[in-house]
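Subject: Structure handover

Hello,

Here is the structure you are taking over. Please open it first, then read the notes below.

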Amino acid sequence: MHSAITACEERMKKTVISLREGYAALRTGRASPALFDKIRVDYYGEKTVLNQVANISAPEARLLVIQPWDKALIGEIEKAIRTSDLSLNPSNDGKVIRIAVPPLTEERRKELVKQAKAQAEQGRVAVRNIRRDGNEELKKLLKDKELTEDEESKSSEGLQKLTDAYIKQIDQALEEKETEIMEI
């Protein structure tokens with residue numbers, strides 16, 4: 001396999017990983033510490049990811065507990081959660097923050113599925129753009145006589161198979177996320 005194709009495969013792999021990470025932060029009716037992956041807290045003047053300043057656990061299906069390593073951060077953590085787009089209401093007892101995760105309404109579930117579909121489509125477009133870049137690179141190599149027409153044709157076919165495989169992974173990730181969102 002040509003190095004141009006290997007580079008494309010790496011980029012496609014990163015696209016799928018990025019999509020899955022985005023899905024982890026999409027709120028479902030189930031409590032998940034991954035909800036807070038994108039939340040940053042002001043930690044002595046530095047914006048720091050929440051899971052780097054606190055222990056986050058889900059002791060029950062609809063409860064999250066955040067235990068900051070520095071108790072002085074409780075107010076900052078609560079503020080960061082309240083101002084996020086998660087629509088969660090944290091409460092604290094001075095030591096830990098508890099967050100009851102309410103079940104999602106049917107309307108909210110449909111909205112989340114729409115978001116998941118949009119993210120999947122962005123992923124598909126990214127994979128197709130990577131394929132296009134790879135094909136342009138192959139055409140350039142052919143023009144520069146670094147590849148024969150047969151090699152270019154085989155590489156192009158290989159690139160299409162890779163594209164199909166990664167789009168299938170994206171579709172599978174979407175299907176899993178949709179199922180998770182629609183669970184009651």
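Two strands pair if DSSP finds at least two bridges between them. Helices (H or I, at least four residues) and strands (E, at least two) are DSSP runs, numbered from the N terminus. This is a predicted model, in which local features need pLDDT of at least 70 and side-chain atom pairs count only at pLDDT 80 or more, while totals for chains, interfaces and linings use all residues. Residues are numbered from 1 along each chain as its sequence is written, and side-chain values use heavy atoms, with hydrogens and water left out.

Sheet

Strands E3 and E4 (residues 63-68) run antiparallel and are joined by 5 bridges. Within E4, Ile66 is the bridge partner of Ile56. The open sheet has 4 strands in the order E3-E4-E6-E5, and the pairing is antiparallel. At its edges are E3 (54-60) and E5 (91-92), each of which pairs on one side only.

Helices

Axes here are lines fitted to C-alpha atoms, for helices over the stretch in contact, and angles run from 0 to 180 degrees between N-to-C directions. Angles under 35 degrees count as roughly parallel, over 145 as roughly antiparallel, 65 to 115 as roughly perpendicular and the rest as oblique.

Helix H1 (residues 3-24) and helix H4 (residues 149-182) have axes that come within 10 Å and cross at roughly 5°. H1 and H4 are therefore roughly parallel to each other. Their contact (heavy atoms within 4.5 Å) includes Ile5, Cys8 and Met12 of H1 and Leu159, Leu162 and Tyr166 of H4. By class, the residues of this contact are 12 nonpolar, 3 polar and 5 charged. Ala, Val, Leu, Ile, Met, Phe, Trp, Tyr, Cys and Pro count as nonpolar, Asp, Glu, Lys and Arg as charged, and the others, Gly among them, as polar.

H3 and H4 pack at about 170°, with axes 10 Å apart, so they are roughly antiparallel. The contact of H3 with H4 has 14 nonpolar, 7 polar and 12 charged residues.

Pocket

A pocket is an open set of points on a 1 Å grid over the protein atoms alone, where a 1.4 Å probe fits, with protein on both sides within 12 Å along at least five of seven lines; lining residues have an atom within 4 Å of a point. The largest pocket has 13 lining residues, and Ala25, Leu26, Asp85, Leu86 and Gln115 lie nearest its centre. Helix H3 (residues 106-143) gives the largest share of this lining, 4 residues. The lining holds 6 nonpolar, 3 polar and 4 charged residues.

Regards
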